[in-house]
Amino acid sequence: MRTSLSRPEIHPALDLPYLHDLLHPRRPLWTPGELRGLTTTVTSELTTPLLSILEFGTEERWWARLALTEGVELWLLSWAQGQGTLPHDHGGASGSFTVLQGELREDYRYPGGPIRSADRATGTTVAFGRGRAHQVRNLGVPGAASVHAYSPPLLPTTEYATLAEYVVVPEPRTPPEESR
């Protein structure tokens with residue numbers, strides 16, 4: 001059973017009326033298009049506060065949760081040169097990410113489809129439904145950063161050795177009770 005959030009949880013540096021308005025705290029689920037609008041808007045309109053909290057870890061990727069409501073979670077991630085994720089799905093959640101700075105390489109796949117690659121430059125937004133797995137990496141020299149949103153929030157992901165292993169769209173998985 002999911003615990004109810006009485007009000008959105010928002011990072012102190014972004015606890016602004018503008019973000020509260022964007023989050024629609026009573027919206028239970030967000031479509032990929034709505035998630036695209038959220039990450040695009042947050043990245044373009046809240047650049048200064050995002051950059052004020054951005055950090056880069058040399059040993060591992062850095063991240064900060066920006067907001068959490070019943071229907072969406074919002075994250076800021078940084079990527080030093082060479083850092084990236086393993087291939088993974090999002091547990092049946094839809095998602096979106098917008099590159100805040102730098103460039104990221106995304107390899108992605110839908111079940112039964114080919115593995116594709118794309119370079120995602122600053123300002124690029126990608127939105128996807130629950131049937132997509134991907135791997136994201138910073139292959140460039142400067143640090144990269146991106147804003148991510150997922151709905152429903154807090155679903156456990158599955159990691160794969162390679163994207164070729166991703167063959168079935170997962171049913172949305174229930175978040176662990178202790179996550180809330």
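The structure is a predicted model. Its largest nonpolar core has 24 residues, and a search of the whole structure finds 6 salt bridges.

**Helix α2**

- Helix α2 covers residues 32-45, which makes 14 residues.
- From its first C-alpha to its last, α2 reaches 20 Å, close to the 20 Å expected at 1.5 Å a residue.
- Its buried residues are Leu-35, Leu-38, Thr-39, Val-42 and Thr-43. They lie on the same side of α2, because they cover an arc of only 115° around the axis.

**Nonpolar cores**

- In soluble globular proteins, nonpolar side chains tend to be buried together.
- Within the largest core, of 24 residues, those with the most contacts are Leu-19, Leu-38, Val-42, Leu-50, Leu-66, Leu-74 and Leu-76.
- At least two residues of this core come from each of α1, α2, α3, β2 (62-68), β3 and β9. Strand β2 gives the most, with 4 residues.
- Which residues does Leu-50 touch, not counting residues up to four places away in sequence? They are Leu-14, Val-42, Thr-43, Leu-66, Leu-76, Leu-100 and Val-147.
- Another core, of 13 residues, lies apart from the largest one; among its members are Val-126, Phe-128, Val-136 and Ala-144.

**Salt bridges**

- The side chains of Arg-27 and Glu-34 form a salt bridge, with an N to O distance of 3.9 Å. Arg-27 is partly exposed, at 23% relative accessibility, and Glu-34 is also partly exposed, at 31%.
- Arg-105 and Asp-119 meet through their side chains in a salt bridge of 2.5 Å, N to O. This pair links distant parts of the chain: Arg-105 is in strand β5 (residues 103-109) and Asp-119 is in strand β6 (residues 116-121), 14 residues apart.
- Arg-105 counts as partly exposed, with a relative accessibility of 25%; Asp-119 counts as partly exposed, with 44%.
- A salt bridge of 2.7 Å, N to O, joins the side chains of Glu-106 and Arg-120. Glu-106 lies in β5 and Arg-120 in β6, so the pair ties together parts that are 14 residues apart in sequence.
- Are Glu-106 and Arg-120 buried or exposed? Glu-106 is buried, with a relative accessible area of 0%, and Arg-120 is buried, with 13%.
- Through salt bridges that share partners, Glu-106, Arg-120 and Arg-132 are joined into one network.

**Ser-151**

- Ser-151 is found in strand β9 and is buried, at 2% relative accessibility.
- A polar atom of the Ser-151 side chain lies 2.9 Å from the backbone nitrogen of Trp-30.
- Not counting residues up to four places away in sequence, Ser-151 touches Pro-28, Leu-29, Trp-30, Leu-35, Gly-71, Ala-93 and Ser-94. One of these, Leu-35, is also among the buried residues of α2.

**Pro-87**

- Pro-87 has its place in the loop between β3 and β4. Its relative accessibility is 3%, and Pro-87 therefore counts as buried.
- Although Pro-87 and Gln-135 are 48 residues apart in sequence, their C-alpha atoms are 4.4 Å apart in space.
- Residues up to four places away in sequence are again left aside here: Pro-87 touches His-134, Gln-135, Thr-158, Glu-159, Tyr-160, Ala-161, Thr-162 and Leu-163.

**Ala-164**

- Ala-164 is located in the segment after β9 and counts as partly exposed, at 46% relative accessibility.
- Ala-164 and Ser-151 are 13 residues apart along the chain, and 25 Å separates their C-alpha atoms.
- Leaving aside its neighbours within four places in sequence, Ala-164 is in contact with Arg-109 and Ile-115.

Key:
Residues numbered from 1 in each chain as written. Predicted model: local features only at pLDDT ≥ 70, side-chain atom pairs only at ≥ 80, totals over all residues. Heavy atoms only, no water. Expected span 1.5 Å × (residues − 1). Buried < 20%, exposed > 50% of the residue type's maximum accessible area, 1.4 Å probe, protein only. Arc of directions from axis to C-beta. Salt bridge = Lys/Arg side-chain N within 4 Å of Asp/Glu carboxyl O. Core = buried A, V, L, I, M, F, W, Y, C linked by side-chain atoms within 4.5 Å. Contact = heavy atoms within 4.5 Å. Polar contact = N/O pair within 3.5 Å; in protein donor to acceptor, adjacent residues only side chain to side chain.
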